[in-house]
Amino acid sequence: MENSAFCVRLSLKQRYFSLLCIAVLVMFVYRLRRNQPEVKMHRVIEGLKADSSHFTLEKKPFLILGGSIHYFRVPKAYWEDRLLKLKACGLNTLTTYVPWNLHEPERGVFDFEEELDLEAYLRLAASLGIWVILRPGPYICGEWDLGGLPSWLLRDQNMRLRTTYPGFTEAVNSYFDHLIKKVVPYQYSHGGPIIAVQVENEYGSYATDEEYMPFIKEALLSRGITELLLTSDNKDGLKLGGVKGALETINFQRLDPEEVKYLEQIQPQKPKMVMEYWSGWFDLWGGLHHVFSAEDMLTVVTEILKLDMSINLYMFHGGTNFGFMSGAFAVGRPSPAPMVTSYDYDAPLSEAGDYTTKYHLLRNLFSHHHATPLPKLPVASERSSHRPIIVRQHMSLWSILDLIEQPFKSEKPVNMENLPVNNNNGQAYGYTLYETTISSGGSLKSLNNIRDRALVFVEKQFVGVLDYKEQELSIPDGKGKRTLGLLVENCGRVNYGKTMDEQRKGIVGDIQLNANILRDFIIHSLDMKPDFVNRLQSSTHWTSMREKPSYPAFFQTRLYLSSSPKDTFIKLPGWSKGVVFVNGRNLGRYWSVGPQQTLYVPGAWLNRWDNEVIVFEELETDGKIQFSSSPDYGMTVDVQ
């Protein structure tokens with residue numbers, strides 16, 4: 001009996017040990033999978049080739065039917081919905097930019113988490129059987145601040161962006177060291193979804209350094225990029241934007257046979273592709289909402305396909321320029337015009353992911369290019385409209401200066417990028433308050449050194465605005481010494497054109513009062529980053545709305561939801577200009593000049609029951625925040 005009991009005990013111990021070993025092995029494999037994700041979506045045969053007049057993939061003819069969806073413009077919770085809708089439309093390829101300024105917000109500090117989890121996006125595409133063309137830049141344009149380049153590059157007064165200037169190439173090399181090793185495992189040759197990689201973006205429209213494109217190409221190849229390389233330019237850019245070893249593609253909205261013929265001439269017996277077929281257009285503050293008719297779009301896309309050209313719809317789904325990330329447009333204008341927050345783009349899938357007439361027309365067209373029926377349409381997203389909520393509390397700008405970094409004293413004004421903040425990376429976005437002392441009234445002249453727009457205050461009382469158009473302002477007389485304040489907003493850096501090296505913001509030179517150049521400034525950086533918003537939420541400076549607010553000011557209230565949150569849109573008809581935060585997330589700018597009149601609020605960012613809403617308003621409010629189940633992008637104009 002003892003021997004039997006001993007054997008039973010030994011058996012139990014052996015079983016326990018075996019189970020423990022299995023558990024350890026499972027944990028090891030799980031951790032290994034997390035660090036080395038399984039991305040295989042196919043058996044590796046032969047990737048995308050451009051060796052004849054047609055693309056081939058896996059040694060078979062392949063027509064690229066692509067659509068652009070930028071992961072950084074869409075809440076992560078909605079990525080799968082948007083990609084399923086892309087696939088259901090008959091598209092087989094996803095294209096996306098990669099924004100350097102979000103992934104490296106400070107030099108040497110990298111962020112690939114949550115909404116910036118590029119690897120998760122690529123894994124999702126693979127799991128859904130969607131191919132990917134990656135457009136890693138470093139410059140991306142995209143109506144995005146500084147075309148995706150980080151503003152800390154501009155701390156170097158000699159910086160020459162998009163050239164082989166050592167200060168730029170060193171930064172690119174450091175960034176690519178981190179980025180490219182993340183995407184290499186997702187290439188076709190590794191069993192992943194990436195079938196092509198674009199070298200830079202539209203360089204032919206910039207083209208200031210003939211050694212630059214070869215540098216970017218080699219930066220990709222030397223880090224393990226093995227898939228087909230592409231470039232992307234409009235017709236004029238094709239003359240200067242190519243690089244040996246990369247297939248040139250073209251961008252346009254209206255089909256010009258001469259442009260297609262030119263592409264054939266410079267690349268005989270090569271596949272033809274429209275890398276950016278512009279399905280709509282972007283909007284500028286103070287302008288109108290651009291629309292491109294569904295019928296005109298369908299006609300052009302049909303003709304492109306008849307020419308056996310591959311196509312990528314830019315955009316298929318635009319999304320939103322959340323936060324302060326929208327760019328500015330300067331080509332052919334006396335001064336830059338900032339982009340609106342919405343990036344709806346009049347695309348086939350709306351800003352909030354809704355089907356449009358364009359979507360259904362394209363789905364019908366693309367269905368004829370598939371041997372099997374297209375997937376069923378995913379269920380349309382639901383929307384909510386809520387009763388207006390009343391602002392409860394306010395806090396003056398002048399009351400929150402103790403919540404931001406210590407002010408910086410300087411004899412002369414210092415531009416945002418060169419302020420000693422954010423670990424000496426400067427200020428990237430938001431507002432900067434410059435204060436100095438004056439002893440008289442008179443004519444305040446900006447000397448065109450305001451970038452981009454300044455609210456001017458004397459003793460915290462608003463006296464007017466300085467910007468590109470208004471460069472002189474009358475300052476009222478007063479007794480003794482008074483504080484002059486200029487709250488300067490960076491409205492968005494130019495993202496396209498020849499002026500990118502000039503995109504420093506804040507006050508970039510001298511300011512003059514009468515004949516005197518102003519000196520001795522105290523400078524406050526108000527970039528409104530998440531840590532600041534968190535401090536704002538817990539501040540004790542909030543004041544009841546029974547007391548009249550002093551502008552600029554932050555306003556706080558709460559939205560209570562008794563059911564599962566759904567997407568909605570905020571409307572602020574009684575407000576002038578500012579920024580909205582919901583549960584600490586920056587939804588973007590609003591401005592009464594339009595055209596955009598609503599801000600998109602993703603239901604995925606709302607909580608059931610309690611939601612905090614904070615609004616930074618520059619000049620006026622009626623104290624009400626309204627909601628709508630549909631967007632209002634303002635009066636429209638046809639894209640010409």
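Predicted model: local features only at pLDDT ≥ 70, side-chain atom pairs only at ≥ 80, totals over all residues.

Residues are numbered from 1 along each chain as its sequence is written, and side-chain values use heavy atoms, with hydrogens and water left out.

Helix 6 spans residues 212-221, where helices (H or I, at least four residues) and strands (E, at least two) are DSSP runs numbered from the N terminus. Seven of its ten residues are buried, so helix 6 is largely enclosed by the rest of the structure; buried here means under 20% relative accessible area, exposed over 50% and partly exposed in between, with a 1.4 Å probe and protein chains only. The buried residues of helix 6 are Tyr212, Met213, Phe215, Ile216, Lys217, Ala219 and Leu220, and they pack against helix 5 (166-183), strand 6 (194-198) and strand 7 (228-233).

Helix 5 and helix 6 have axes 10 Å apart and pack at an angle of about 25°, the axes being lines fitted to C-alpha atoms, for helices over the stretch in contact, with angles from 0 to 180 degrees between N-to-C directions. The two helices are therefore roughly parallel to each other, since angles under 35 degrees count as roughly parallel, over 145 as roughly antiparallel, 65 to 115 as roughly perpendicular and the rest as oblique. In this pair, Phe168, Thr169, Val172, Asn173, Phe176 and Ile180 of helix 5 meet Tyr212, Phe215, Ile216, Ala219 and Leu220 of helix 6, where contact means heavy atoms within 4.5 Å.

Helix 2 (residues 79-88) and helix 4 (residues 118-127) have axes that come within 10 Å and cross at roughly 40°, which makes helix 2 oblique to helix 4. Trp79, Glu80 and Leu83 in helix 2 meet Ala120, Tyr121, Leu124 and Ala125 in helix 4.

His103 lies in helix 3 (residues 100-103) and is buried, with a relative accessible area of 0%. Its side chain makes a polar contact with the side chain of Tyr71 at 2.7 Å (a pair of N or O atoms within 3.5 Å; within protein, one must be able to donate a hydrogen and the other to accept it, and residues adjacent in sequence count only if both atoms are side-chain atoms). The side chain of His103 also reaches the backbone oxygen of Asp111 at 2.8 Å.
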